[in-house]
Amino acid sequence: MESEAGFTTAMGAALVTMVLAYIVIFTEMIHRSSAALAGAVVMIGVGTWMGFYSQAAAVMAIDANTMFLLISMMMIVVMLRPTGGFEYLAIRIAKASGRDPKRLLVFLCIAVSVISMFLDNVTTVLIFAPLTVLITRMLNINPLPYLMAEAMLSNIGGASTLVGDPPNIMIGSAAGIDFLSFMVHMAPVIAVVWVCTVVLVLYMFREYLSVPIDVDLDLDESKAIKDPKGLKKTLFALSVTIVLFFVHHHFHLFPAYVAFIGAAIALVLVQPDPEPLYGEMEWSVLAFFAGLFVIVGGVESSGLLDLVGAQLADFAKQEGQLLLACILLMWVAAILSAIVDNIPFTVTMIPIVQGLEAQGVPVLALWWALAIGVGVGGNGSHIGATANVICVSESERCGIPGARITPMLWLRKGFPIMIFSLVMATIAFSVGFDYLR
């Protein structure tokens, strides 16, 4: 049954199923991984019954590239932990902070943002999240604001380059935009957003950052290394992975395959005991993402994302409305990216924007607006970006009192930060519109 606006019963059923699953996830009635898997089962059942989704489509909806990237990088991180490499780096960073909580947060934000410009932000956070917990343990402070800030700033930093976030790679490939052109156009807007976001983060977490650090850091970082040979072997594998991440798009290699190469090298060189290796991996995170991908896949198969994209396209076609269309696309992309994964929405919008180009609409600015929206929007909820879920999981895993990042806490802190970042991005985009179009 279809209404005049094109909204169907299938879309309604998919939307209700997703909303119910998200209510369970956000209220934590059960663990998020159990909620996501239960929601996936219901979505497949409803979709099969109503004819808009199938078991085969659900399997295809699981983003294997993201899943295998997570698995491979988790393996490398687990092999790094017993070597003492994290402890060494933690002591160096803790000393550099000068026992100033605010300076430490800014240092960590700069590090993850810069690295996320050239590496996948998932990889960056997988390495920095456990490192951050170690640093905060040494300084006897709460890791919560640092983990949240790292996730959010890695999302923003990754939005500034072609390889920093998977949607950017897809946009660059579809629009024929090279690495340098992407960074030249996106970096100025993202720089404004980054500075404003850091300032707001410092304000939003002021209750955590106002307590001075009163810990003696007379530690010798060289004594932190427990397994020098294992550290060298694992760092070699990680270095190979990082180098390949820089160039993988030139050789048409999937990020997951690059990560698999690094994990395989580390496994062969280190030869760890499989039981503790696989036992320390965060399987609940992987199960959560598998369920979430299936839920979002059902929403996509129902045609709801296509309907949203078509409405945006109709608005963009109107004479003299290009700037407003760009801003609307940016905000819709951001809000949807806080609710569903940004990859399905990007996949939906790419052919729509290409169709506008075929009709003579200048679409370059629309590509930038889409990239900004999906990059910044992930900060709106704890499930809005993969980096967020990793940091939430690390906050639960660390066992530090008061460090757990709850869904409602993220909404209270992260959603206002996302809105503020979007306002700043809108202003910067509007000022530089002639340069971006």
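1. Helix axes in this note are lines fitted to C-alpha atoms, for helices over the stretch in contact, and angles run from 0 to 180 degrees between N-to-C directions. Helices are DSSP runs (H or I, at least four residues), numbered from the N terminus. The model is a predicted one, in which local features need pLDDT of at least 70 and side-chain atom pairs count only at pLDDT 80 or more, while totals for chains, interfaces and linings use all residues. Residues are numbered from 1 along each chain as its sequence is written, and side-chain values use heavy atoms, with hydrogens and water left out.

2. The axes of H4 and helix H13 (residues 255-270) come within 8 Å and cross at roughly 30°. H4 and H13 are therefore roughly parallel to each other (angles under 35 degrees count as roughly parallel, over 145 as roughly antiparallel, 65 to 115 as roughly perpendicular and the rest as oblique).

3. On the H4 side, the contact with H13 (contact means heavy atoms within 4.5 Å) is made by Asn 65, Phe 68, Leu 69, Ser 72, Met 73, Met 75, Ile 76 and Met 79. On the H13 side are Pro 255, Ala 256, Ala 259, Phe 260, Gly 262, Ala 263, Ala 266, Leu 267 and Val 270. By class, the contact of H4 with H13 has 14 nonpolar, 3 polar and no charged residues. Here Ala, Val, Leu, Ile, Met, Phe, Trp, Tyr, Cys and Pro count as nonpolar, Asp, Glu, Lys and Arg as charged, and the others, Gly among them, as polar.

4. Thr 234 lies in helix H12 (residues 228-247). Thr 234 counts as buried, at 0% relative accessibility (buried means under 20% relative accessible area, exposed over 50%, partly exposed in between, with a 1.4 Å probe and protein chains only). Not counting residues up to four places away in sequence, Thr 234 touches Ile 76, Met 79, Leu 80 and Val 270.

5. The largest nonpolar core has 152 residues, and Tyr 22, Phe 345, Leu 366 and Phe 429 touch the most other members. Helix H4 (residues 64-80) gives the largest share of this core, 12 residues. Such a core is a set of buried Ala, Val, Leu, Ile, Met, Phe, Trp, Tyr and Cys residues joined through side-chain atoms within 4.5 Å. Tyr 22 touches Leu 292, Val 296, Ile 339, Val 340 and Ile 383, residues up to four places away in sequence not being counted.

6. Helix H6 (residues 101-118) packs with helix H10 (residues 179-204) at an angle of about 160°, and their axes are 12 Å apart. That makes H6 roughly antiparallel to H10. H6 passes H10 in a right-handed crossing. The residues of H6 in this contact include Lys 102, Leu 105 and Cys 109, and those of H10 include Phe 179, Met 183 and Trp 194. The contact of H6 with H10 has 12 nonpolar, 1 polar and 1 charged residues.

7. Helix H5 (residues 85-96) and helix H7 (residues 121-139) pack at an angle of about 60°, with 9 Å between their axes. H5 is thus oblique to H7, and the crossing of H5 past H7 is right-handed. Among the residues in contact are Phe 86, Glu 87 and Leu 89 of H5 and Ile 127, Pro 130 and Leu 131 of H7. The contact of H5 with H7 divides into 13 nonpolar, no polar and 1 charged residues.

8. Most residues other than glycine have a negative phi. Glu 28, although not a glycine, has a positive phi of about 55°. Glu 28 is in the loop between helix H1 (9-27) and helix H2 (32-50) and counts as partly exposed, at 32% relative accessibility. Gln 271, also not a glycine, has a positive phi of about 50°. Gln 271 is in the loop between H13 and helix H14 (274-279) and counts as exposed, at 62% relative accessibility.

9. Ala 35, in helix H2, is buried, with a relative accessible area of 4%. Leaving aside neighbours within four places in sequence, Ala 35 is in contact with Val 24, Ile 25 and Ile 30.

Definitions and conventions
Helix = DSSP H or I, 4+ residues; strand = E, 2+ residues; numbered from the N terminus. Left-handed = near helix turned anticlockwise from the far one by under 90°.
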